[in-house]
Amino acid sequence: MMESLQYYKIPTVALAYPRPLVSMLPVLDIKGLSLSKQNKSIFCNANAARLSSGRVAILHALECIGVTDRDTVLVPAYHCMSMIEPVLWLGARVKFYRVDKNLCPLIDFQQDSDLQDVKAVIIPHFFGFMQDITKLCDYFNKLDVKVIEDCAHAFFGERDGKNAGESGDFSITSTVKFFPGTEGGVLYSAKHVIPDLNITKRPLYQQLKAAKNILEHCQLNNSPKKLAAVQQHKLTDETSQGVDELCYVSKSKLNYLDPQKISLPLSWADSLVLNRTSHEWIVEQRRANYQYLAGQLKGLNNATLIFPELLPGTVPYVLPLLIHKPELHFSRLKIAGVPLWRWEELIVNDCPVSNDYRLKLIQLPIHQSLSTNELDWIAKQLRQVLASDN
Ligand SMILES: Cc1ncc(COP(=O)(O)O)c(C=O)c1O
């Protein structure tokens, strides 16, 4: 029978929010360009497959493992739909594992039957904070479960002497979270040979469109009026979150995985940007921006930093912040134009932390293209909005 899962739909009120006044993702920046070919991440290795997105890379990883409609795939209870839809596309079943407050997997399988038919597990380094992946791989491999190390948020990074992406049976990343671009993913394996993935060629018009998208995104986000507009923006008292509406997702009703993109390679323009943007610069800027913003947000009213400090090997994707009263503050932040995302669209499950974080965890940008002025502005908006208790 086709797997059909119930999820919380994003309320229609979300469509009315203004566009964020600062970009959530990096934009093309001349400062970061490098003459030499970059290879700081193992996702730049010659045997890594450059694909059209992270979700497509997950799909190919599942296929490399041999997942079929007879199998089950373990996925974190806290997730985005791009991690789930590749599993549904293959007709496999989804089973959730719980996470703790630091988003580490709670491996509490009591009986063998808990893992019956489980062929693969997806383990993300949420927001760039590395899991104890060596321990997790040992645990699952002993049970004959293959690990997909999900580095969508960890293009760079290292823990216990292991690079992000080096430990899983197969590892994936999503390039747009670290490089300017509109789509891109990579599949890598340090342990297995990646078979022929039947990747076709991108037609010329699509190659040109990808280059145009990168430039347009850059132009859109470099307009000088953006922060001035903010100061004039009046907060309205619209705090409604809408009512939770449940919907179904299944192989025949996917929203994020486009079957036409499964065989497409990364575009030339996206590949060029990945090869020629200084990896050292990205790593340094992201770490510095995270530490700066975290410093600005310390002691914030009505909010808690999940990770106040950065370990030496961490290269963050975003700064996760828990807002204590999302029903009061979330829409106010959106209306103020603060760039933020949250994984509101969750598949219904019984993990207490995931259910709590669904509305409370907001992701704030700390990418390399942000200026101190923009970080200050984000911190100021948060201080102003979160100061109010009603
Ligand atoms: C943890 C995680 N894995 C995989 C993906 C899929 O990446 P992409 O958007 O490139 O398809 C995402 C996307 O947000 C993600 O957050």
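This section describes the overall dimensions, the sheet architecture and the ligand surroundings of a predicted model.

The protein chain comprises 10 helices and 14 strands. Along the principal axes, the C-alpha atoms fill a box of roughly 55 × 50 × 40 Å. Of the 390 residues, 42% are buried. Among contacts with a separation of 6 or more, 76% link residues 24 or more positions apart.

Seven strands form an open sheet with mixed pairing, in the order β2-β10-β9-β6-β5-β3-β4. The edge positions are taken by β2 (49-51) and β4 (93-97); each has a single partner strand, so one side of each is left without a neighbour in the sheet. On average, neighbouring strands are turned by 25 degrees against each other, direction ignored. The pairing of β2 with β10 (residues 185-188) is antiparallel and extends over 3 bridges, and Arg-50 has Val-186 of β10 as its bridge partner.

Helix α1 lies across β2, β3 (72-76), β5 (118-124), β6 (146-150), β9 (170-174) and β10, and runs at about 170 degrees to β9. Helix α2 also packs on the sheet, where it touches β3, β4, β5 and β6, and its direction makes about 175 degrees with that of β3.

Both helices contribute to the ligand shell: α1 (54-65) and α2 (81-89) each supply at least two residues. The ligand is surrounded by 13 residues, the closest being Ser-53, Gly-54, Arg-55, Ala-152 and Ser-174. By class, the shell contains 5 nonpolar, 6 polar and 2 charged residues.

Conventions:
Residues are numbered from 1 along each chain as its sequence is written. This is a predicted model: local features need pLDDT of at least 70, side-chain atom pairs count only at pLDDT 80 or more; totals for chains, interfaces and linings use all residues. A residue is near a molecule or strand if its C-beta atom, placed from the backbone, lies within 6 Å of it. Helices (H or I, at least four residues) and strands (E, at least two) are DSSP runs, numbered from the N terminus. Ala, Val, Leu, Ile, Met, Phe, Trp, Tyr, Cys and Pro count as nonpolar, Asp, Glu, Lys and Arg as charged, and the others, Gly among them, as polar. A residue is buried if 20 or more other C-beta atoms lie within 10 Å of its own, exposed if 12 or fewer, and partly exposed in between; C-beta atoms are placed from the backbone. Two residues are in contact if their C-beta atoms, placed from the backbone, lie within 7 Å. Two strands pair if DSSP finds at least two bridges between them. Axes are lines fitted to C-alpha atoms, for helices over the stretch in contact, and angles run from 0 to 180 degrees between N-to-C directions.
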